[in-house]
Amino acid sequence: MVPKWTDWECPSDVGTTSPYVAWHNLKIQIRGDDETAFIETPLNKGAALQQATPVGETFTEVFQNEGAPMRTPAKNTAFWGNLSAMGPTADWAPQGTAPKVGADTVILGVIDRGAPLHHRRLNAGGTDANSRILAAWQQDADLKEDDCGSLVQPFLPCGREYYKCEIDDAITTARQNGAIDEHLFNTKLGLVKMEGPNAPRSLARRQSHGAAVLDVAAGGDLPDNVYVIVVNMPDRATIGASGTFLNYYASLAMWRIARIAEWIWDANVADWDGKHGHRTCFPVNVNLSFGKNAGPIAGQSFLQRSIRAIRSLPRWRNVPFEVALPVGNDNLEQGFAEIALGSGDPGKVGWRVPPADQTDNVLEIWTEPVRNGAQLAIEVAPPGAGASLVGSKPLTSDPAITSWRRLQVGDAPGPNNENVRGAMYARAFPVPSDPSLVRLQITVFLLPTLDNTSPDKITPPGLWEVSLGPFSEHALDVTLAVQTDQSTGPDGGTGLRSRLVHPGYDRHLPNGRRRDSYAYPFATPPVDQDNGGVVLRHGSMNASSSMEEIVAISAHRKMDGRPADYAATGFRNRSDVRRPAASLPSETGAAHYGVIAAGAAGGSAIPISGTSFACAMASRRIIVHMADLLKRDMAGGHLAGFTARDWLQIAAAREDPSPAPQLPQAKVGAGRMSFAVGDEARWRRL
Amino acid sequence: MHAGSAPSTLLQAALITTQEGVRGDWTTPGAVPDPGVTFPSPTSLEYLSSSRRMQVVRSAIAPLFRVLPSGPFSHGAALLWFAPVGPIALLQRPSLDMDELKEQIDLVLGYSDLRLDRSAEIYAQKDDLLSFFGSAVRMNFRDREDLVEMLAITQGVCSDIEMQVKHQCWTPRPIDVDSRVLPIIQTPDHSSFPSGHAVEAFAMATVLHRYVTGETPEQGLESFALPFRIAQRIAVNRIVAGVHFATDTVAGAVLGIAIGEAMIRMLWSEGDVPFRRYIGGSTDDVTSDIILKAQEPVTPGDFDANAGLNEETDKYSRVETMMRNAAVEHAKAYAEAIADAPEGA
């Protein structure tokens, strides 16, 4: 039976401000899942997005109304229960002795999944069992209890955390009789758990994203004042196939890195005899080689809110807290479209939903600023069904969901929404510079096209037709982005990606090669090949990296500097936060796939490809530069006003091997940087 | 194989006509022996091809092992008896209660996440374990031919023993307990407990480690020496494939190390073979410390027949009885053989 959309409804049934959380909760109803089997609810109770972040917001204030699924054995229920009661000054610093470090220390934060702790390449100064990892938080590890059943780390919201001395001891103990049983080491520390669904298991495999990122960013030979704080995030099944809770866990990790840095600073400052000048903490650069394809491109995400809040804390106002993200690898995945609406015909684009897809398909639609109270007509017609445009209810300045529609089979949704197969949610965000304007967001969710446990809870595969407008008030640009769509299984076989389709989009060149955003003819300027109209490569840059608080890193081929065709493209004519800051290598040569990085097992190496690793190289460059600045002036004079964005743009422009003709900034930012300015040789040394 | 080519009916016919054509009148006196022929010493096996030599040695060693069931017509436990020493290993299968077996499925499903990584290994190891040990230590039929043969004989002896033990300790395979396991290789027809691959891999590791370092298997496991890392990987791959539970693997490791130590005694005419036992049941994982702990040897004198056994306690008592009776029978047979022996023997 072909499902049909209902009319727009009032929001009272939704009960949350995040469409993703609303859908998450609705799906539990639709499928009749036991919501306590794997996750714990409630999830999001308050404002997920805020236009303006109050200066000096604390961890408690940011998180007390937020939530996310957590594996029950990993969740510290008491912590979350007490968070509000703890008040804005709630302290979640570790209890115990902080590692000893010098005043010239710089800290690289690595937020990833499956990052190892025992690789020899992470030893400071090449000394065995002298890890440069100051702390490592496994967000998804089972909570640690003492012999009496009391929590050993009650200050943690979830998982387990280890500190340098514990890591060094664990490595020493594991190696004392000879070779290390890595599986035993990893399972003891909660880095790997073979029992149970959706448990951390990356390090039991041959390659792990976190191992490769950590190695490129912090493996081998580094200046002796560089230290690392690692946060391993939960499995994809917990984060969500659409990356629903990525920003939540990444934000928790950001706050944790800041708090650990403060804790170590406070424990050591008395020994430094004033050598730290007026600095109030260690400079930090965080590498987050993740991202979501769709989202609020102009910022306003929870991750952005967290970074802003951390930077506005008195401790961090004058100390760098930098964050680097990759632009993403979805340049050629047909996941982005831009429609110019007018008063004439509606704008249309096809949305091809694949068969046998076991994950949701999600489409985010954003408008440029419109009048507060404006309405936008929209229809997402199932394959074979005609579209009848239905205007949204007036959307006014309110980041909460103001209206929503259900996609249902039959005439009624059913008492527990069991007849619902999809939903769309609408809300509006005020434009800070003009209170009379808002940006509209409509997010469309479809159930998978294959569900082995609930075979009737599916949507039809095929070409869905998205119709928007017309919009009579003025010309209006609307963007559509297919949300991140990953398999929750280990090998990516269950989650297929939907695509936006339009007759003007050519996937290939006449010679059969994949058509990149640009052609790069010899000795002449690049040629824009992304001119098909609606479905675009420009703008495919992942939404998480499109904010001023972070630097977005693109990727190119080391051998000849050719931009990687999969590296997502920034916007053509937008601000610099909507295009990459710089590009670093993610491929070695035309016949040499990827770059070499550590495999999951200590001492193993793998070739691995993607902007994640270019980003890790950029993070390494940034932290080495910060370490150098601080070594030259421990009081931090050289770091005053330092931003990774400014430095990358200067360094990239200087290092780009062929400044004329300039490559498009939408593809490589300020230019292509090398990994080889002293660093690659050092990186390879151990 | 003939001197020049493989056997064939054509060659056979050609050799017949050739013989007729060249031999002459064989009734003529004066047969001409091959002047270069030598007669092997009774202690030498060099005159045999490698495969034949291994066959001879394996068939000579095999009768020294006996698998004694806990009861004549019942499944449950099996004792491995080794003639020069006595009992060397006892395995008792896990409970057959389906709910208890399901507790072990969780780990099997968890390990199935590693299938894409391990697929090539799993497929190759269906028939070949020796190549994986050969990748750790240089050995082939020109270098260390004796080591290759020792390991191959060890594996052959194991396969005879493990099938008997499996029969006596029959348990269902993971696919029988939960169809969602969906194994990536065909589930064999024999028992899940113990894992035959684990038996063979750990026996070979024990012999190889002793050959290379002179160390005991406990020392090898404590230092997580390379042969034991390979053995563990081979054994775990069977869980990844979906044809074994973790407890099968630990049981196989215990039995394999016991057989490996017996083989060492045969190889070097020395060394103790401590008595080991393992009672099947849920295990947290398959790590070196779990296997090491399962290896803790007990001497028959220290062994409490009732310790840790549940509903099948009385069966082990019968095993002890059987062992005593068997020993009496062996002693009788020995006395009769001596009495019947010709003078001077």
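Predicted model: local features only at pLDDT ≥ 70, side-chain atom pairs only at ≥ 80, totals over all residues.

1. Pro194(B) sits in the loop that runs between helix H7 (174–177) and helix H8 (196–213) of chain B.

2. Pro470(A) belongs to the loop between strand S17 (462–468) and strand S18 (476–482) of chain A.

3. A further backbone point concerns Asp273(A), whose phi is near 55 degrees, a positive value in a residue other than glycine. Asp273(A) is found in the loop between helix H9 (246–268) and S6 of chain A. As background to these backbone points, most residues other than glycine have a negative phi, and most peptide bonds are trans.

4. Next, the interface. The contact between the chains draws on 19 residues from chain A and 20 residues from chain B. About 1,600 Å² is buried between chain B and chain A, and carbon and sulfur atoms give 51% of that area. Three aspartates stand out: Asp106(B), Asp113(B) and Asp117(B) supply 28% of the area that chain B buries against chain A, more than any other three residues.

5. How many salt bridges are there between chain B and chain A? The count is 2. Asp117(B) takes part in a salt bridge with Arg205(A), side chain to side chain, at 3.8 Å from N to O. Polar contact across the interface of chain B and chain A amounts to 9 residue pairs, both residues being at pLDDT 80 or more.

6. On the chain B side, at least two residues each come from helix H3 (98–111), helix H4 (115–124), helix H10 (226–241) and helix H12 (288–294) of chain B. H3(B) gives the most to the side that touches chain A, with 4 residues. By residue class, this side of chain B divides into 9 charged, 6 nonpolar and 5 polar.

7. Chain A contains an open sheet of 8 strands with mixed pairing, in the order S4-S3-S5-S2-S6-S7-S22-S23. Strand S4 (160–163) and strand S23 (582–587) of chain A are at the edges and have a single partner strand each, so one side of each is left without a neighbour in the sheet. On average, neighbouring strands of this sheet are turned by 25 degrees against each other, direction ignored.

8. Within that sheet, strand S2 (residues 106–112) and strand S5 (residues 226–232) of chain A run parallel and are joined by 7 bridges. Ile107(A) is placed opposite Tyr227(A) in S5(A). Helix H11 (residues 611–632) of chain A packs on the sheet, where the strands touched are S2, S5, strand S6 (284–288), strand S7 (321–326), strand S22 (551–557) and S23 of chain A. The direction of H11 makes about 175 degrees with that of S6(A).

9. Arg557(A) and Ser18(A), by contrast, are 539 residues apart in sequence and 39 Å apart in space, C-alpha to C-alpha.

10. Over all chains the structure holds 35 salt bridges. One of them pairs the side chains of Glu549(A) and Arg308(A) at 2.7 Å, N to O. Glu549(A) lies in the loop between strand S21 (527–528) and S22 of chain A, and Arg308(A) in helix H10 (residues 302–312) of chain A, so the pair ties together parts that are 241 residues apart in sequence.

Definitions and conventions. Residues numbered from 1 in each chain as written. Chains lettered and ligands numbered in written order. Heavy atoms only, no water. Contact = heavy atoms within 4.5 Å. Buried area = accessible area lost by both parts, 1.4 Å probe. Salt bridge = Lys/Arg side-chain N within 4 Å of Asp/Glu carboxyl O. Polar contact = N/O pair within 3.5 Å; in protein donor to acceptor, adjacent residues only side chain to side chain. Nonpolar A, V, L, I, M, F, W, Y, C, P; charged D, E, K, R; others polar. Pairing = 2+ DSSP bridges. Axes fitted to C-alpha atoms, helices over the stretch in contact; angles between N-to-C directions.
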